Amino acid sequence: MSAVVKSTQRYLEFLNDSNRGVERYGVTSIRPDDGASLLLENSIWSTYTCELALGLRIRSDSSATLEPEAAHMEDIEIRILEYDRRNGQTKFAARESVPGETGFIVIDFRWLVRRCLEWYQKRGSSICDITGIATPTREIPDPSVSASGLSSEQAEAITTMLTTSLSYIWGSPGTGKTKWVLAKAVQQCVSEDEKALVLAPTNVAVDNALTAILEEGVPREEIVRMGVPSPDFLNQYPECCEERAFQHEIAQIGSQIKALEESIGSLQKRQELEVQAKDCEIEAVNKRREATESQASLTVTLERIRESKSAISIYRKELEPHECQLESKRSQLDRLALPKLLADIATLECEQAETIREVAKLKEDLRDMGFFRRVFTKRKERLTISVSDLGVHLRATEATLESRREKRVELAPTASLLQEKITALEETCQPVRTEIADLQQRISTLEVERDLLESKIAENQEAQRSLESRIKAVHEELSRIDGIPPTEHADELLATWQAEKGQLEVRLSQFKQDLASKSVLGMTLDGFMGLTLQMGLSVHRVFVDEAPYAPIAKVLPLLSLHRPIAMLGDHLQLPPVCECRNDETVRAYWAKPSIFLENAFELGENWHDLNQIEEPQFQLTQRRVLSASYRFGESLASLLDRHIYGGIGLTGLADDETYIQCIHCEPQHRQRRRKRENHAEADAILDQVQEWWESTQLESNLPTLAILTPYKNQATLIRRQLRERFRDTAIPGQVDVLNTHQAQGREWDWVFFSVADTGNLARNDPYFTDSNCSHGKALLNTTIGRTKRKLVVFLDATFWANRPMKQLLTDIVNMACPPKDGPLPR
């Protein structure tokens, strides 16, 4: 398990560092639904309404967290139950009580990854080896099951699922994987008193699987849908949803508990207020006593300050005549300027010595001068002149120096006498000065003590006023509490009420879905991890629909049940969504589909090899192929078999040929056009949306419509133009605009497919639309598979018609219904 734990830790680090997988929306007007509760993940959740911005892309089954704006509050786990894009009205369920009316709703994919990591850390040791899955002990189902409308392939698939420990049923859209094979297999399990766990990566896929099982005849009371179902499933099968099964009883008991909690709260409040009043009165007495003591201390301190200042005044009068004499003597000494005279003498002595050295040096140069330089150069003359000049300067310096020395001798006795008198005066003044300094220090200390006492007295007075206000407020609040007996009887009544509340809570807990009594449990893979973190789960078989859209990391926890696992899906559609594109450690377990389970056990932490494998290993896993599609006509099935499925013999058995129309969109070069944007296709799609809207208004059930495109930029362009063009209509709320990666697991009656790619626009060369590449095959197959009735392809037909015939879109252009004047066929 260390491999998947490391991969999950690395993925979470990547999401945190890159801030990926997070959408944050401001929320206002949060208010609880009176007495309303829901049963989710086998726990009681409270429901709230709020307001979000209009036109957000929020799924009604989104898991999220609420960040209250109230200070120091932890994030709260919530589920979005309803969101109306037209007015922003939102309903959500919260695991804990929500404080305040504002905050932020954070739809955080990282939360799901964190919970997955938490599951592995707490429950990972319970996962068995792939060879440890229990082998079914039941007999092979009677082949006569095919008499109920099953094909031989479907009957064989059911037999394989019910008789092997690990199986994978592969088939294109419309081959009956869910509606026939899964539904009948689960129905047979129920008929033999076996408990089946039905899982899928998305809530919509879970609801589709459970709907098929219900339509197969499994009683509603045998099925429980854990988590948040789609609105359609909730409306059609409310008794199957954990949140609706005991809604009335839960609400009734919740109201009784709420009333008791209010009474208990009032009684406890009264007790608390009476204690507060008593404590405040005691504190007020203490504060008054402290105030009296502080005032007495302040009086003593002020008297000490006055006495110290008086003593300083006496000392200063005594010191004043001595200070005057000292100042006079210092002035006399300064006027003698003896320090300057000594400095002048020192300077002159240095100058005298330097001049003597220079004269001696010049005379030495004269003595050492040769005959030639004496006779034929002027150097001797220059040296002689310099010696003469320096001699004059030396005599002047020595005369000045002598004068200064005589002056020093003259002033020395007077200066010495003045210094002696100054010293004597300093000795007389210093003790007095010390006394004054000590008194000043004492005054400073006393003034600090005075300030503290005054501040303490002011605070005490303010505290007394505050206590008086609090006592008054407490008594006023006590007077407003009606119907509560005197305190001496409160403890007995409180115990009675709490006992009644406990009994109601026991009754409420009994209304939680008894999972042991249900034959079919349906939930998402994320819901399975959340549930099994809280409690154990025991089933006989596990079925995973849309398995290739689930990463290995989310399917491995199913091995903790040690029960047979049957996976169904089409691994030639889009793989799991993984935000991290370059880290092999992450992608090995979060981008690789669950059908690579055997490879994961074989390779473990060999991230590179696990990433490079293109075809899953099926040695222990029993694979069965469903090759007959009841959705596609023969022509489209033949194209898909050739371009996508590699010749598995896919056949189309639909009564009518799948309706496909291609609309040519001549590329338009627009300024500031972003990569992968195609404005011509966006304009043509809006025109067809208008026609779709007008042509379908007479239908009793409005057909669903999605606009799909491979690229986020094109989806953003279409979404923006759709809102602008149909701003004052209901159309934006009726049309889903998505890139195909967001459409996995969902289906629509009509699909408008914006190809976007064309070699006639810069930066729009085919990529996700190139059926010669694995990513192109997966996207095209997924897009076509989302269509139930009509597929309209918007593209540069001229470009694609001239591509090599091995391209899927080229063949679709050539086989599609030609464009017609007027609205699209109905």
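Biologist: How much area do domain 2 and domain 4 bury between them?
Modeller: This is a predicted model, where local features need pLDDT of at least 70, side-chain atom pairs count only at pLDDT 80 or more, and totals for chains, interfaces and linings use all residues. Residues are numbered from 1 along each chain as its sequence is written, and side-chain values use heavy atoms, leaving out hydrogens and water. Domain 2 spans 127–242 + 513–626 and domain 4 spans 634–816, with bounds from an automatic or database assignment. Carbon and sulfur atoms carry 60% of the buried area (accessible area, 1.4 Å probe, lost on putting the two parts together, summed over both), and the total is about 1300 Å².

Biologist: Which residues of domain 2 lose the most area to domain 4?
Modeller: On the domain 2 side, three residues together make up 45% of what that side buries. They are Leu572, Gln573 and Leu574.

Biologist: How many residue pairs are in polar contact across that interface?
Modeller: Let's clear salt bridges away first: the rule (a side-chain nitrogen of Lys or Arg within 4 Å of a carboxyl oxygen of Asp or Glu) finds zero here. Polar contacts (N or O pairs within 3.5 Å, one able to donate a hydrogen and the other to accept it; residues adjacent in sequence count only through side-chain atoms on both sides) do turn up. With both residues at pLDDT 80 or more, the number of pairs is six.

Biologist: Which helix gives the most to the side of domain 2 that touches domain 4?
Modeller: Helices here are DSSP runs of H or I, at least four residues, and strands are E runs of at least two, numbered from the N terminus. The helix in question spans residues 203–215 and gives three residues. That's helix α5.

Biologist: What are the edge strands of the five-stranded open sheet?
Modeller: The order is β16-β20-β19-β17-β18, with parallel pairing (at least two DSSP bridges between two strands).

Biologist: Which residue stands opposite Phe753 in β20?
Modeller: Strand β19 (residues 748–754) runs parallel to β20 (residues 787–795), and six bridges join them. Opposite Phe753 stands Val793.

Biologist: At what angle does helix α21 run to β20?
Modeller: Helix α21 (residues 774–785) lies across β17, β19 and β20, contact being heavy atoms within 4.5 Å. Angles run from 0 to 180 degrees between N-to-C directions of lines fitted to C-alpha atoms, for helices over the stretch in contact. Here the angle is about 130 degrees.
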